[in-house]
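Please look at the sequence and the structure below. The paragraphs after them take one part at a time.

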Amino acid sequence: MTVTTQVFHIDPGNIDDAAIAIAAQTLAAGRLVAFPTETVYGLGANALDPAAVDRIFAAKQRPFTDPLIVHLASAKQIDQVAVNVPGVIAALAERFWPGPLTLVLRRAAAVAPNVAAGRDTVAVRVPAHPVAHALLAACALPIAAPSANLFSRPSPTTAQHVLDDLSGRIDIVLDGGPTTIGLESTVVDLTTHPPLLLRPGGVGVDALRKLLPNLLAPDAPLVVAETEAAPSPGALLKHYSPQAPVVLLRGDAEAARRCIHTIAPVLHERGKRLGLLAPDEEFNNYADLRAEVVSLGPTHDLAVIGRYLFARLRELDSLGVDVIVARAVGEGDAAGELSMAIRDRLFRAAEGRVLDADDPHVLELLLTLT
Ligand code: TXA
Ligand code: MG
């Protein structure tokens, strides 16, 4: 069924209360509203209404086995959605909320079971974006909201991305401009002992360990087979993927330059369009390359890389490339707080295909992918 998707432009610095009120009523009526958060755009529905929550899964074509995050206006509402909340939550909320941290807790009975894909847990966060906050406060409901993209596509960081995927499938998009972090929240399971990092995101592990010293954080991205009943059902390998296959290319700038200048002409000869995602520092290496070269941002500023990563992957898709080579970034020592999240998203976009620039089989693999 198609609906007319209404778009309301909302200035985060000067919130239009009338538009927010309409969006809040729409949520209360069991309908879908996409809204900006500081991480990515979310697709919201009333978390207490199972029929409304079902609409999220239908609109996104998301498997019912993948649970949703519940968004609150304030940590004070936590008892509406969770039970047996551990004491450490007060300190975590004080330090990180509103902000890009999601905590998995024991689910309260009022929360629709399909929010949690039938689990007895619930993921909760208080987003920091003024538009998200205004909406959540106006409807005074816990709002289930996954990222507002079609399942397995890169998360949306602008209202246009939301429309590209979901126009005609949802009721309202609140356009509050591009999101600032650009990567989804960090997800931590507090129902396990020790607590477990399920998804790296906007809040880094070092900051978390100041309050959760025993936090278990797998170094390599957590990968879950499609059928497995695993701690983080969202950790499927194929995730955040553009339509063209992606390969991650490791190695220093010079090795990468040689490699890409070897493969680009061969792909071109075969009528295949190469997309290259390269950090600013390496951009000049590819000035005359027969490829679509898109900037990843400066390697010394992972906040910028994170902010635009999903938008760049979507941009490469819209350029109609057949295969994407992305330079691996965020791997050095000085990588910083967002490095784990960026490596994780790139790895998943590449569906785990990581190659060294001096590997003689790079070309072979690219040819089999196109
Ligand atoms: O930044 C964000 O977190 C964005 C914005 C909109 O808030 N939301 C988002 O939602 O990224 P989504 O649905 O794309 O990702 C939710 C992640 C998935 O990996 C899911 O499996 C996990 O959280 N999750 C949700 N509920 C869970 C639960 N009860 N137990 C374990 N993992 C859960
Ligand atoms: Mg998502």
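Across the interface of domain 1 and domain 2, eight residue pairs are in polar contact, with both residues of a pair at pLDDT 80 or more. A polar contact is a pair of N or O atoms within 3.5 Å; within protein, one must be able to donate a hydrogen and the other to accept it, and residues adjacent in sequence count only if both atoms are side-chain atoms. On the side of domain 1 that touches domain 2, the elements giving two or more residues are α6 (159-166), β11 (196-199) and α7 (205-209). The largest share, three residues, comes from α6. Helices (H or I, at least four residues) and strands (E, at least two) are DSSP runs, numbered from the N terminus.

This is a predicted model, in which local features need pLDDT of at least 70, side-chain atom pairs count only at pLDDT 80 or more, and totals for chains, interfaces and linings use all residues. Residues are numbered from 1 along each chain as its sequence is written, chains are lettered from A and ligands numbered from 1 in the order in which they are written, and side-chain values use heavy atoms, with hydrogens and water left out.

Where do the two domains lie in the chain? Domain 1 covers 6-208 and domain 2 covers 246-369; these bounds come from an automatic or database domain assignment. Their C-alpha centres are 30 Å apart. Domain 1 gives 25 residues to the contact and domain 2 gives 15, where contact means heavy atoms within 4.5 Å.

The area buried between the domains is about 1500 Å², and carbon and sulfur atoms give 57% of it. Buried area is the accessible area (1.4 Å probe) that two parts lose on being put together, summed over both. In domain 1, P154, L183 and P200 lose the most area to domain 2, together 36% of what that side buries.

Charged side chains also meet. A salt bridge is a side-chain nitrogen of Lys or Arg within 4 Å of a carboxyl oxygen of Asp or Glu. There are three salt bridges between domain 1 and domain 2. R153 forms a salt bridge with D317, with the closest N and O atoms 3.1 Å apart. E184 and R345 form another, at 2.7 Å from N to O. E184 is in the loop between β9 (172-175) and β10 (186-189), while R345 is in helix α10 (residues 339-349), 161 residues apart.

Last comes the ligand. Of the 26 residues around ligand 1 (a heavy atom within 4 Å), T39, R62, H71, S185 and R199 come nearest. A polar side-chain atom of T39 lies 2.6 Å from an oxygen atom of ligand 1.
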